[in-house]
Amino acid sequence: MYLNEMQAQVRETAQAFADEVIRPAAEALDREERFPSEIYDEMAKVGLFGVGVPESLGGPGFDTLTYAVVMEELSRGYASIADQCGLVELISTLLVRHGTERQTGMLPEILAMKRKVAYCITEPEAGTDVSGIRTTAEKDGDGWVLNGGKIWIHNAPVADTGFVLARTDKAAGNRGMSIFIVDLHAQGVERGPKEHKMGQRASQVGGLSFSDVRLGPDALLGEAGRGFHMMMSVLDKGRVGIAALATGIAQAGLEAAVEYAGVRKQFDKKISEFQGVQWLLADMAKDIEAARLLVHSAAVKIDQGLDATKACSMAKCFAGDMAVARTSDAVQVFGGSGYIRGFEVERLYRDAKITQIYEGTNQIQRMIIARELMKKGARA
Amino acid sequence: MKLLVPVKRVVDYNVKIRVNPDGSGVETSNVKMSMNPFDEIALEEAVRMKEKGVASEIVAVSIGTQQAKETLRTALALGADRAILVDATSDPKQDIEPLSVAKILAKIVAEEKPDLVIAGKQAIDNDMNATGQMLAGLLGWGQATFASAIEISGGSATVTREIDGGLQILKVALPAVITTDLRLNEPRYISLPSIMKAKKKPLEEKTLADLGVDLTPRLRIVHTDEPKQRSAGMRVGSVDELIDKLKNEAGVLS
């Protein structure tokens, strides 16, 4: 295997944690739609949050490939839990790259899950097209006043600190947005009800509204007017993370399907002896491996400082589509049982769908791939 | 207090063991290897002693091929401060018998002068359960095997041992050798930061010549066999048929 010894060790730890702690809890967490604080506390002890945060700032300082390996393993346990890891990774990456000393000082709390974070971008009129955001932060003395609202925000019902994209200059388009670090317990912040979703139900998602929320001078992350660009700068890593997460969901489906096909008997034979079932399993395995290789190659491109945009979009798009198709196959191998609540593959199929939607829809990923092809040629 | 923890690289406990076609041993090439689980328990106990302030330094030692460095780096990530590889062979198939291992460890003990050696009670590959006992014998130290609880105070260790009839509590003067049983503790997950930190911890290499130990085997493996396959059961139609089969086929009733 091409993973180095440390990366392999990290995978072993994440794999054991997913098998022993996460996967056995997933069914109940999905049913109860519950925020699993106890699992996050354990994960924090094992150092599974903030994989890329440098040692000087309280993290382990691993590369993107290691992060992708962790995401796949955690997601194989339960995608909602991997998504929390992904969220912390993105926020940490933003803080490490753009935070002041005072702002990065909150990293140890974030990595310990003592301070829960939310990444607040999406609004009713601004989904894929972020430039449509209407939340504003107006200069007021040495600080700002925040007004507006966000929807579908991961962790909104439970978070302590929001990283909020707001417009600071109405005339400046993409150069008129900034990211603010907002205390979500502050006056003027209201939380909407928790959404009840198709899948990844342990992820708490909801809306936030801000009315005249006072922000101090420390609230601005990086430069004013650079919010859009900072957000875009972590997109590649975000996409690799979600691609790895999608791969992990499908891998869990393959593991369940292989085990079931080896014990379920029809016509006095294990169903794994029927070619129809064998082809389903083989297609699942080869597509999962292909997705994994796309993920790892995109991650290595990021680590080597190469242009990774197309690679990350290809990984995200392929892995998301693959996860939906191949978890559907897993349900198929289980037959009627696979359609019943409580069987893992039923949940996996639901959990997979969002990977075609969040972190940039797969239609957008195709647009990016095509745009890169037109811009740089087919060989680049 | 200084602790020495020997760790062995063995076939991972999750691997389905396959016997070599020639019956000389079990298949070890292209097989996942990891730290012997009992050694992991020994190391976890050592780390807990250090965290409690009972121990000040943990040295992990492994005897085998260069690949055992991987196992030692796992030990460093789990919390050992230093590691020593005794490069004893280049042949991963070579089994180093307990007496040779004990002799090598005795040399390491003479150099390192630990107050306590904590070892797994046995390695899950050969299940010899002998090295700890032989080491204590060679050193002339006290020993407490199959520990399920260890308490250190005032130059001695109080060790609870799991025995057939219940629990036996021993007190041994330090320095001593303690071997660990399954229920002593549950090893922690190796944390990501400690994997990174392990890279910077010292790993020293020694050769057999440095230690002057002869590995000539005293034991000979005659043959290795897979466990017999269980034959399929059968359904009987009546109690009479069952009794008939027990009498006339199985021969367990007369």
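**Reading the two chains**

Analyst: Chain B has 7 helices and 11 strands in its secondary structure. Please bear in mind that this is a predicted model.

User: Which feature does UniProt place at residues 23–215 of chain B?

Analyst: An unreviewed UniProt entry gives "domain: Electron transfer flavoprotein alpha/beta-subunit N-terminal" for residues 23–215 of chain B. In the model, that span is 32% helix and 31% strand, and its end C-alpha atoms lie 23 Å apart.

User: Turning to chain A, at what angle do helix 1 and helix 2 pack?

Analyst: A packing of two helices is read from the angle and distance between their axes. Helix 1 (residues 5–32) and helix 2 (residues 37–46) of chain A pack at an angle of about 175°, and their axes are 12 Å apart. Because angles over 145 degrees count as roughly antiparallel, helix 1 of chain A is roughly antiparallel to helix 2 of chain A. Helix 1 of chain A contributes A:T13, A:F17, A:V21, A:I22 and A:A25 to the contact, while helix 2 of chain A contributes A:I39, A:E42 and A:V46. By class, this contact has 6 nonpolar, 1 polar and 1 charged residues.

User: Is strand 5 of chain A largely enclosed or open?

Analyst: For a strand, one considers burial and then pairing. Strand 5 (residues 177–183) of chain A is largely enclosed by the rest of the structure, because 6 of its 7 residues are buried. Strand 4 (residues 161–167) of chain A runs antiparallel to strand 5 of chain A, and 7 bridges join them; A:G162 has A:V182 of strand 5 as its bridge partner. Strand 8 (residues 220–221) of chain A also pairs with strand 5 of chain A in the antiparallel sense, over 2 bridges. There, A:L221 of strand 8 is the bridge partner of A:I179.

User: How many residues of chain A are in contact with chain B?

Analyst: An interface is read by counting residues on each side. Here, 16 residues of chain A are in contact with 12 residues of chain B. Helix 1 and helix 2 of chain A each supply at least two residues to the side of chain A that touches chain B. The largest share of that side, 7 residues, comes from helix 1 of chain A. The residues of this side of chain A divide into 9 nonpolar, 4 polar and 3 charged.

Notes
Residues numbered from 1 in each chain as written. Chains lettered and ligands numbered in written order. Predicted model: local features only at pLDDT ≥ 70, side-chain atom pairs only at ≥ 80, totals over all residues. Axes fitted to C-alpha atoms, helices over the stretch in contact; angles between N-to-C directions. Helix = DSSP H or I, 4+ residues; strand = E, 2+ residues; numbered from the N terminus. Parallel < 35°, antiparallel > 145°, perpendicular 65-115°, else oblique. Contact = placed C-beta atoms within 7 Å. Nonpolar A, V, L, I, M, F, W, Y, C, P; charged D, E, K, R; others polar. Buried ≥ 20, exposed ≤ 12 C-beta atoms within 10 Å, placed from the backbone. Pairing = 2+ DSSP bridges. UniProt positions renumbered as here; feature names shortened; annotations may be inferred.
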